[in-house]
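The stops below follow in order.

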Amino acid sequence: QVQLVESGGGLVQPGGSLRLSCVASGTIPGIRVMGWYRQAPGKERELVATITGSSDRTFADSVKGRFTISRDKLWKTVNLQMNSLNIEDTAVYYCLIRNPWGDYWGKGTQVTVSA
């Protein structure tokens, strides 16, 4: 059974940095996209960043220039480097792996930005 396990969340002050990692156990065939979404209290889940097999990257406008996304060549790990964090980045961050047959999600990791 495939599991996605996120790590790296926590409490950070505004202006600080965090690095999230997601490791996939098991084999997921035909991966097309790996990425991160987030959900803040009272809000819908939203895209943060994705990366494809050709390393094309997509970022939410709100994180452009502050966040970077990377993955390993084996499609086992996807990382999200988050810099210059602000209070609006507070959310549960979810890892996503997508293939032609559906989406796989992690259980999420909490990121809290607070002074």
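Select Glu6 first: its side chain reaches the backbone nitrogen of Lys107 at 3.2 Å, a polar contact (N or O atoms within 3.5 Å, one able to donate a hydrogen and the other to accept it; residues adjacent in sequence count only if both atoms are side-chain atoms). A polar atom of the Glu6 side chain also lies 2.9 Å from the backbone nitrogen of Cys95. This is a predicted model, in which local features need pLDDT of at least 70 and side-chain atom pairs pLDDT 80 or more, while totals for chains, interfaces and linings use all residues. Residues are numbered from 1 along each chain, and side-chain values use heavy atoms, without hydrogens and water.

Glu6 has no salt bridge (a side-chain nitrogen of Lys or Arg within 4 Å of a carboxyl oxygen of Asp or Glu). The nearest side chain of opposite charge, Arg45, is 7.6 Å away.

Next, select Asp89. Its side chain forms a salt bridge with Arg38 (2.9 Å, N to O). This pair links distant parts of the chain, 51 residues apart. Both Asp89 and Arg38 are buried. A salt bridge also joins Asp89 to Arg66 (2.8 Å, N to O), and these two lie 23 residues apart. Arg66 counts as buried because its relative accessible area is 13%.

Move on to Asp103 and Arg98, which meet in a salt bridge (2.7 Å, N to O). Asp103, at 37% relative accessibility, is partly exposed. Finally, select Arg38, Glu46, Arg66 and Asp89 together: salt bridges that share partners join them into one network.

Conventions: Buried < 20%, exposed > 50% of the residue type's maximum accessible area, 1.4 Å probe, protein only. Lys, Arg positive; Asp, Glu negative; His and termini not counted. Helix = DSSP H or I, 4+ residues; strand = E, 2+ residues; numbered from the N terminus.
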